[in-house]
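Below is a brisk report on one chain.

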Amino acid sequence: MDNARTIPIQTASLEGDGMGCHAGGEQLLAAAKAAGKSETLQQYAADYPRVENAGPHDQPQSMCPAFGSLRVGLRMRRTATILSGSACCVYGLTFTSHFYGARRSVGYVPFNSETLVTGKLFEDIREAVHAQANPAELDAIVVINLCVPTASGVPLQLLPKEIQGVRIIGIDVPGFGVPTHAEAKDVLAGAMLRYARDEVQNGPVAAPRGGRQDKPTITLLGEMFPADPVIIGQMIAPMGLAVGPSVPTREWRELYAALDCAAVAAIHPFYTASVREFEAAGRPVIGSAPVGLDGTQAWLQRIGEACGIPTALIDQARNQALHGMRDMLAKQSIKGRITLSGYEGSELLVARLLIECGADVPYVGSACPATRWNAEDAEWLRHKGVQVQFRASLEQDMAAVHAFQPDLAIGTTPIVQKAKQLCIPSLYFTNLISARPLMGVAGAGSLVQVIQAAMGNKTRFDAMKSFFDGVGSGHAAGVWEGVPQDRPEFKAETRRQLEKKLKKRKAEEMG
Ligand code: SF4
């Protein structure tokens with residue numbers, strides 16, 4: 001490689017046992033700061049604030065946060081995504097991305113203690129990027145530093161900005177700096193918007209694939225069910241507005257169209273870095289979303305005002321949108337108590353809709369933080385007596401299920417599992433709630449259907465419980481001639497030996 005040079009990398013504080021998300025986040029954070037990543041980490045701390053001394057979200061509780069960035073890259077046309085991180089992290093991330101239907105290869109630049117310490121890893125990354133940068137096939141290459149390369153200060157900012165017209169975007173997405181995979185989507189979306197904004201400022205850029213809209217557009221922030229942008233488009237049409245791209249976009253040139261909007265709707269409220277780019281481009285950003293009667297009224301009003309639409313047209317849009325919804329919501333067809341938790345960022349919107357559909361929702365937990373774009377939703381919910389928990393931990397979500405004994409628990413995998421054990425019908429938020437429309441009559445209709453069906457399963461749970469009654473649980477689960485005796489001391493000894501082996505292996509790896 002021409003003018004290749006070795007960048008010395010700080011690794012002293014990483015040696016030994018301090019690797020990965022099961023090690024101390026504090027240790028990795030300190031190492032990253034010492035290795036020159038202070039500015040990036042300070043920005044993350046400001047963009048994605050944690051609850052002081054909260055504990056559980058100091059470490060990823062669910063999937064690795066970097067999955068958010070990886071998914072955004074993998075869903076874009078003509079974009080290659082390369083990971084730089086420990087093999088076990090990359091294995092997990094590629095597994096998850098293919099589980100979610102990536103249909104695309106994930107690039108990987110492996111390292112060992114020597115390439116990490118000598119700076120050769122950075123050279124390897126640079127070489128990989130040069131080898132991949134084929135403008136006939138790619139608009140952009142995304143390189144993602146996972147925990148260890150971030151903590152070691154691998155300087156992706158020194159990669160070329162573009163190679164033969166292929167844009168190179170290097171980002172750090174460590175689990176100890178970005179709390180959730182939702183916010184990691186923003187890390188990449190924000191970096192891409194910043195790049196695209198620079199390009200717009202420096203000359204003409206490509207038009208959208210289908211040409212520019214002839215009406216002022218609203219850019220939508222957040223991954224949505226495909227029907228939702230269409231429904232929102234119908235709602236705002238009477239105001240002479242159209243829906244623009246959704247960010248994260250599916251193609252590089254859509255970034256320009258996203259910036260070229262009249263206003264931005266932060267439907268998902270955690271896109272802080274992206275909002276920064278839109279605000280720098282002079283675009284107003286509106287929070288909440290058109291869900292339920294109250295939400296739709298308020299949202300259309302604010303969108304209209306932000307775009308300078310005459311009151312008569314705003315009223316027309318509101319009347320049209322609320323017409324069909326009123327009858328549907330007035331039926332209040334969800335009967336029962338629901339606890340709700342998730343890490344997608346749309347939990348508060350779903351809770352609003354559930355309540356307007358008649359549900360009793362005493363608790364909403366979101367792994368995402370409170371922001372100015374979900375402040376109104378939180379206030380509306382609290383006014384209805386709902387306990388709203390931002391940066392909710394698994395323990396808080398579990399405690400809510402125990403305390404409120406709901407007829408239906410909507411949540412993440414461990415919540416659903418726990419609820420099933422308690423014989424409470426449950427639904428996965430990510431797969432079954434956030435993967436369906438939410439907006440307008442269609443959103444309310446589809447939500448009511450899935451909730452009613454799930455609540456109707458209670459009798460099946462009861463039947464199952466009585467069928468399996470008496471087969472034991474935990475160490476005694478199963479059918480035995482004599483119930484097995486628990487041996488906690490054996491388990492402790494096995495764990496001790498495994499930890500010892502792991503330490504020895506790490507020490508050997510680090511040479
Ligand atoms: S990159 Fe993800 S899986 Fe790997 S150590 Fe960090 S948080 Fe854990």
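## Domains and overall form

The C-alpha centres of domain 1 and domain 3 lie 32 Å apart. The domain assignment gives domain 1 (12-179), domain 2 (217-327) and domain 3 (332-464); such bounds come from an automatic or database domain assignment. The model is predicted: local features need pLDDT of at least 70, side-chain atom pairs count only at pLDDT 80 or more, and totals for chains, interfaces and linings use all residues. Residues are numbered from 1 along each chain as its sequence is written.

The chain has 20 helices and 14 strands. The radius of gyration is 25 Å, close to the 24 Å that the globule rule gives for 511 residues, so the chain is as compact as a globular protein of that length. That radius is taken over C-alpha atoms, and the globule rule is 2.2 Å times the number of residues to the power 0.38. Helices (H or I, at least four residues) and strands (E, at least two) are DSSP runs, numbered from the N terminus. Along its principal axes the C-alpha trace spans about 80 × 70 × 40 Å.

## Burial and core

Of the 511 residues, 46% count as buried. A residue is buried if 20 or more other C-beta atoms lie within 10 Å of its own, exposed if 12 or fewer, and partly exposed in between, with C-beta atoms placed from the backbone. Among contacts between residues at least 6 apart in sequence, 72% join residues at least 24 apart. Contact requires C-beta atoms, placed from the backbone, within 7 Å.

The largest nonpolar core has 140 residues, of which Ile-141, Ile-218, Ala-351 and Leu-354 touch the most other members. Helix α7 (residues 181-201) gives the most to this core, with 8 residues. A nonpolar core is a set of buried Ala, Val, Leu, Ile, Met, Phe, Trp, Tyr and Cys residues joined through C-beta atoms within 7 Å. Leaving aside neighbours within four places in sequence, Ala-351 is in contact with Leu-340, Val-361, Val-364, Leu-381 and Val-386.

In strand β1 (residues 79-84), 6 of the 6 residues are buried, so the strand is largely enclosed by the rest of the structure. Thr-79, Thr-81 and Leu-83 cover one side, and Ala-80, Ile-82 and Ser-84 the other.

β1 pairs with β3 (residues 140-145) in the parallel sense over 6 bridges; pairing needs at least two DSSP bridges between strands. Ala-80 stands opposite Ile-141 in β3. β1 also pairs in the parallel sense with β2 (residues 107-108), over 2 bridges. The chain crosses from β1 through helix α3 (residues 87-99) to β2, and this β-α-β crossover is right-handed. Right-handed here means that, with the strands pointing away from the viewer, the path from the first strand over the helix to the second runs clockwise.

## A four-stranded open sheet

An open sheet of 4 strands has the order β7-β6-β8-β9, with parallel pairing. β7 (242-247) and β9 (285-286) stand at the edges, each with a single partner strand, so one side of each has no neighbour in the sheet. Strand β6 (residues 217-221) meets β7 over 4 bridges. Leu-220 stands opposite Ser-246 in β7.

## Backbone exceptions

Most residues other than glycine have a negative phi, and most peptide bonds are trans. A cis peptide bond joins Val-247 and Pro-248, with omega about 5 degrees. Pro-248 lies in the loop between β7 and α9 (253-259).

Arg-78 has a positive phi of about 50 degrees although it is not a glycine. Arg-78 is partly exposed, with 14 other C-beta atoms within 10 Å.

Terms used: Two residues are in contact if their C-beta atoms, placed from the backbone, lie within 7 Å.
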